[in-house]
Protein chains: 2
Amino acid sequence: MEKEDILSNGRKIIQDPDCFMYGIDAVLLSHFVAKEVHKGDKVIDLGTGNGIIPLLLADKSENLSITGLEIQSRLCDMAGRSLVLNGLEDKIKIINGDLRKVSELFPKHSFNVVISNPPYMPLTVGRQNEKDQKALARHEILANLKDICSAADYLLHSHGRFFMIHRPSRLAEIICCLKEYKLEAKRLRLILPFEGEEPNLLLIEARKDAGSGLKNEAPLIIRKRNKAGDLSYTEEVLKIYSEL
Amino acid sequence: MEKEDILSNGRKIIQDPDCFMYGIDAVLLSHFVAKEVHKGDKVIDLGTGNGIIPLLLADKSENLSITGLEIQSRLCDMAGRSLVLNGLEDKIKIINGDLRKVSELFPKHSFNVVISNPPYMPLTVGRQNEKDQKALARHEILANLKDICSAADYLLHSHGRFFMIHRPSRLAEIICCLKEYKLEAKRLRLILPFEGEEPNLLLIEARKDAGSGLKNEAPLIIRKRNKAGDLSYTEEVLKIYSEL
């Protein structure tokens, strides 16, 4: 059943627990991108779901033009209605289409920022159901890493920037796949569920046609346990939510 | 002026502040490797300096055969004398040679473990002096990343393991260069000087001819400030020193 939620930036979003609810991943990725969008940027979010990332970024700079591309028509419909709720139809466009066919949808090199919160898990034969909307967001059923890097390469002009959140277990694949598509990894941040634990997410920024040299940021720690033993977000995560 | 130091494992090492003193990097790399060497392994350390890594690993498993390759004859001489001091001439061989010419020195695929604590800094034209022994250890004057990966590829048999410490700024280059030489990055650990700071070192393990999938370990934090405001190593670093 659909419901309307309010984001930390005051914008409203339509969600549905049965098919798509945005998670902390979208928030962390939006924050990672937010300082890097500038006046007049043309931004595209590949696999935008219910439009969470465009909605979080809409107010981050002047004259942004943001496109959300989503293959599932049900999610496009939700995202489109969220735009109307927020009066953002001029700033954000939602397009129902397949990121494997960007060349049929957009002119080459027509964006300077590409964002993606893609499915993290490789396709294991016979395990996933193409009709399962949640599985489509988690597994590489309709688009894999190569499809996403290829789309980013097609869409970005030279020195355009690509931002993605993904699993650390796929870091080597990600870096090499980016390079294959002339996208050089320039900034990396590992995300740890707790201090002293292994990272379970990573944020990465790549730049098209750039030289080598990767800035590794201090790892981001999501949760801490307070003196009473209760779990809470760290100061930095609270700050990320408050700044969006 | 040369001096004789005692390592945490009780072994003795000859050092010289004017040309080569081992650092924490060699200790961290040896510890990263130590649990991964097994009975009978044939190990080679590319650019062994004064032989610190072979000396730290000598007692880590039975029947290890360790080779230290070093281009500077002065350092080979020091390393050779350290072997005699420790009675390790049967277990460790020091060879004075160029890692760019491993094919003239060793049979192909004759090792199952390759280790390197290489020069971290790319060569910037005209800045470094080939006669400066310290510069040779820091800058890619006599061997670069590609030379090292190429040597590891030549020396390792299939599924052999390669271990290296390096700078995080070069992570993307490292991962792609490894892949170019059929070495798949399998384990990564970022090293932070302090909690909450950017990493300044990384430990990486690659396996020859392996499939993708990278284990990211919890970052290692080197120093903390105690309540009195003094700096000290963290518990984990003290444990690393005590275990070697």
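Visitor: Which residue does Arg189(A) form a salt bridge with?
Guide: Glu236(A), with the closest N and O atoms 3.0 Å apart. A salt bridge here is a side-chain nitrogen of Lys or Arg within 4 Å of a carboxyl oxygen of Asp or Glu. Before we go on, this is a predicted model, where local features need pLDDT of at least 70 and side-chain atom pairs count only at pLDDT 80 or more, while totals for chains, interfaces and linings use all residues. Residues are numbered from 1 along each chain as its sequence is written, chains are lettered from A and ligands numbered from 1 in the order in which they are written, and side-chain values use heavy atoms, with hydrogens and water left out.

Visitor: Where do Arg189(A) and Glu236(A) lie?
Guide: Arg189(A) lies in strand β8 of chain A and Glu236(A) in helix α8 (residues 235-243) of chain A, so the bridge ties together parts 47 residues apart in sequence. Helices (H or I, at least four residues) and strands (E, at least two) are DSSP runs, numbered from the N terminus.

Visitor: Arg189(A), buried or exposed?
Guide: Buried, at 12% relative accessible area. Glu236(A) is partly exposed, at 34%. The cut-offs are under 20% for buried, over 50% for exposed and partly exposed in between, using a 1.4 Å probe and protein chains only.

Visitor: OK, how many salt bridges are there over all chains?
Guide: The search of the whole structure finds 42. One network of them links Glu2(A), Asp16(A), Arg74(A), Asp77(A) and Arg81(A).

Visitor: What about Lys208(A), which residue does it bridge to?
Guide: Asp153(A), with 3.1 Å between the closest N and O atoms. Lys208(A) is in strand β9 (residues 201-208) of chain A and Asp153(A) in helix α6 of chain A, so this pair ties together parts 55 residues apart in sequence. Lys208(A) is buried, at 3% relative accessibility, and Asp153(A) is buried too, at 13%.
Guide: Asp153(A) also forms a salt bridge with Lys182(A), where the closest N and O atoms are 3.3 Å apart. Lys182(A) sits in the loop between α7 (171-180) and β8 (183-194) of chain A, 29 residues from Asp153(A). Lys182(A) is partly exposed, at 44%.

Visitor: Switching topic: at what angle do α7(A) and α7(B) pack?
Guide: About 90°, with their axes 9 Å apart. That makes α7(A) roughly perpendicular to α7(B). Axes are lines fitted to C-alpha atoms, for helices over the stretch in contact, and angles run from 0 to 180 degrees between N-to-C directions. Under 35 degrees counts as roughly parallel, over 145 as roughly antiparallel, 65 to 115 as roughly perpendicular and the rest as oblique.

Visitor: Which residues make that contact?
Guide: From α7(A), Leu171(A), Ala172(A), Ile175(A), Cys176(A) and Lys179(A), and from α7(B), Leu171(B), Ala172(B), Ile175(B), Cys176(B) and Lys179(B). Contact means heavy atoms within 4.5 Å.

Visitor: And the largest nonpolar core, how many residues?
Guide: It has 72, and Phe162(A), Leu171(A), Ile204(A), Phe162(B), Leu171(B) and Ile204(B) have the most contacts inside it. A nonpolar core is a set of buried Ala, Val, Leu, Ile, Met, Phe, Trp, Tyr and Cys residues joined through side-chain atoms within 4.5 Å.

Visitor: Last one: where is Thr234(B)?
Guide: In the loop between β12 (231-233) and α8 (235-243) of chain B. Thr234(B) is buried, at 12%. Lys224(B) is ten residues from Thr234(B) in sequence and 5.8 Å away, C-alpha to C-alpha.
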